[in-house]
Amino acid sequence: MLNSAVKYRQNLPAFMTLCEQNYFRIMRLMPKDESVGKTVDILVANFCYQLEITASAKFTTEVSFRQTQGDIMGFVSPKLMVRVYHDARVAEVFCLNYPNRVKPSYHYPNPQMRHKDEKYQINAFLFDWLDFCISHGRSRLHWDVNNGLV
């Protein structure tokens with residue numbers, strides 16, 4: 001029997017470990033030049049994912065990570081907004097097609113039918129997505145072997 005009166009408590013060490021792992025994975029995919037508007041396209045089979053720098057400051061970078069090609073009918077193309085904290089070396093999802101920020105935990109049941117640990121699950125999804133792109137993806141590189149002389 002489920003006891004809905006038990007309050008969910010986030011496992012902070014596990015969450016921070018997940019965010020640290022996301023940081024190192026997303027840094028492998030980030031463009032070398034972290035200026036606003038720079039993008040990296042990652043090709044995996046018939047799918048294309050794009051990582052775009054949307055905001056950049058001294059210690060943080062905001063990144064849009066979305067699927068741009070290979071939609072499957074009936075499924076929503078995922079789009080994650082990720083904030084990368086360079087000083088703390090963590091990356092976390094701060095917006096997932098939501099009008100509001102994702103809270104650390106939710107009471108259940110709630111009117112939006114969000115999971116108790118939705119923030120952890122969204123970041124775990126980011127982990128899986130980054131891992132998938134790193135292990136199976138290839139990037140469109142623009143080789144400049146002549147340093148722009150030709």
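This is a predicted model: local features need pLDDT of at least 70, side-chain atom pairs count only at pLDDT 80 or more; totals for chains, interfaces and linings use all residues.
Y49 and W129 form an edge-to-face pair, with 5.5 Å from centre to centre and 90 degrees between the planes. This pair links distant parts of the chain, as Y49 lies in strand β2 and W129 in helix α2 (residues 118-136), 80 residues apart. F65 and W129 form a tilted pair, with centres 4.3 Å apart and 40 degrees between the planes. F65 belongs to strand β3 (residues 60-69) and W129 to helix α2, so the pair ties together parts that are 64 residues apart in sequence. The relative accessible area of W129 is 6%, that of Y49 is 7% and that of F65 is 0%; with the cut-off for burial at under 20%, W129 is buried, as are Y49 and F65.

Y49 also takes part in strand pairing, as the bridge partner of I42 in β2. Strand β1 (residues 39-44) and strand β2 (residues 47-56) pair in the antiparallel sense over 6 bridges. The two strands form a hairpin with 2 residues between them, and A45 in the turn has a positive phi of about 50 degrees. β1 is also joined by 2 bridges to strand β6 (residues 138-139), again antiparallel; in β6, the bridge partner of I42 is S139.

Strand β1 is mostly covered, with 5 of its 6 residues buried. D41, found in this strand, is buried at a relative accessible area of 18%. The side chain of D41 makes a polar contact of 3.3 Å with the side chain of Q50.

Note on methods
Residues are numbered from 1 along each chain as its sequence is written. Side-chain values use heavy atoms; hydrogens and water are left out. Buried means under 20% relative accessible area, exposed over 50%, partly exposed in between (1.4 Å probe, protein chains only). Helices (H or I, at least four residues) and strands (E, at least two) are DSSP runs, numbered from the N terminus. Two strands pair if DSSP finds at least two bridges between them. A polar contact is a pair of N or O atoms within 3.5 Å; within protein, one must be able to donate a hydrogen and the other to accept it, and residues adjacent in sequence count only if both atoms are side-chain atoms. Rings of Phe, Tyr and Trp (its six-membered ring) pair if their centres lie within 6.5 Å; planes under 30 degrees apart count as stacked, over 60 as edge-to-face and the rest as tilted.
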